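Thanks for coming, everyone. Let me put the structure on the screen, and then I'll walk you through it.

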Amino acid sequence: LKIISRHGVGYDNIDLKYCKDNNIKIAITATANAVAVAEHVFFMMLSLCKRKEMFDATVRSGNFKDKNKLPSTMELWKKNILIAGFGRIGKSLIKRCLGFEMNVYVYDPFVDDKLIKNFDCYPISKNEGFKLADYISVHLPLNEKTRDLISYKEFESFKNNLILINTARGGIVNEDALYKALKNNVILSAGLDVFETEPPEKDNPLLNLDNIILSPHNSALTLECR
């Protein structure tokens, strides 16, 4: 075996030590999925803040005249989004957020602040970003430093109108903490494309909530990306 090439950008499911010890090269499809995942984040954000399911059900059930009784939706305009991770996907998402005239904050301790500012964004610490964010989108690798990056303590610092999106790796957001936060309306809603265990167990309590949107780790699998 000479090379392992992943259809994706993460390599946390590869035994890196074995590959190094046996001189096996590792390759990723580095630029292929950035647009696909960034668009998927927007699909989730817009579906959640515009309450897609509620509107669609209102019309289909014959309750069109109830439109003024429905809860108000939100705009992305002028809202604060924290993008955790200034990689290819994060940069692709930044462009789209700026197109919606959002205030874009970036948390990435390994990137020089000047590079972030060159993208018309604001570099920020993790804790400060958590406090001001209306939206958070996670684009970090899964490792010992990022596992449970968002857990019980972090949810307590979030705004109660927060929409949290994770299309990176399950395990970065603690699922038990996320469930409690959504169940108790500590945050508004969430979108998950990734899970701690994939596929998620049938008794995973997140599957029973109506303020979360889920997809089967396929945010990158557009026709164009494939």
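**Cysteines, sheet and pockets**

Let's start with the cysteines. A search through the whole structure turns up zero disulfides, a disulfide being a pair of cysteine sulfur atoms within 2.5 Å. Take Cys97: it is in no disulfide, and the nearest cysteine sulfur, that of Cys121, is 8.2 Å away. Cys97 is buried, with a relative accessible area of 0%. Cys19 counts as buried too, at 3% relative accessibility. For these words, buried is under 20% relative accessible area, exposed is over 50%, and partly exposed is in between, with a 1.4 Å probe and protein chains only.

A word on the source. This is a predicted model, where local features need pLDDT of at least 70, side-chain atom pairs count only at pLDDT 80 or more, and totals for chains, interfaces and linings use all residues. Residues are numbered from 1 along each chain as its sequence is written, and side-chain values use heavy atoms, with hydrogens and water left out.

Now the sheet. Helices (H or I, at least four residues) and strands (E, at least two) are DSSP runs, numbered from the N terminus. Strands pair if DSSP finds at least two bridges between them. What order do the strands of the open sheet take? There are seven, in the order β5-β4-β3-β6-β7-β8-β9, and the pairing is parallel. β5 and β9 are the edge strands, each pairing on one side only.

Look at β4, residues 103-107. It is mostly covered, with four of its five residues buried. β3, residues 80-84, runs parallel to β4, and five bridges join them. Between β3 and β4 the chain passes through α4, and this β-α-β crossover is right-handed. That means the path from the first strand over the helix to the second runs clockwise, with the strands pointing away from the viewer.

On to β5, residues 122-123. β5 pairs with β4 in the parallel sense, over two bridges. Val106 has Pro123 in β5 as its bridge partner. Pro123 is partly exposed, at 23% relative accessible area. Its C-alpha atom is separated by 23 Å from that of Glu144, which is 21 residues apart along the chain.

Elsewhere in the sheet, β7 (residues 163-166) and β8 (residues 189-192) run parallel, joined by four bridges. There, Ile165 stands opposite Gly191 in β8.

Last topic: pockets. On a 1 Å grid over the protein atoms alone, a pocket is an open set of points where a 1.4 Å probe fits, with protein on both sides within 12 Å along at least five of seven lines; lining residues have an atom within 4 Å of a point. Grid points are joined across faces, edges and corners, and the volume is the space filled by probe spheres set on the points.

How much space lies in the largest pocket? About 1000 Å³. It is lined by 43 residues, and the closest to its centre are Val9, Gly10, Tyr11, Ala168 and Arg169. Helix α4, residues 88-99, gives the largest share of that lining, three residues.

The second largest pocket has a volume of about 330 Å³. Its lining includes Ser47, Arg51, Asp210 and Ile213. α2 (34-49), α3 (52-60) and β9 (212-214) each supply at least two lining residues. The largest share, three residues, comes from α3.
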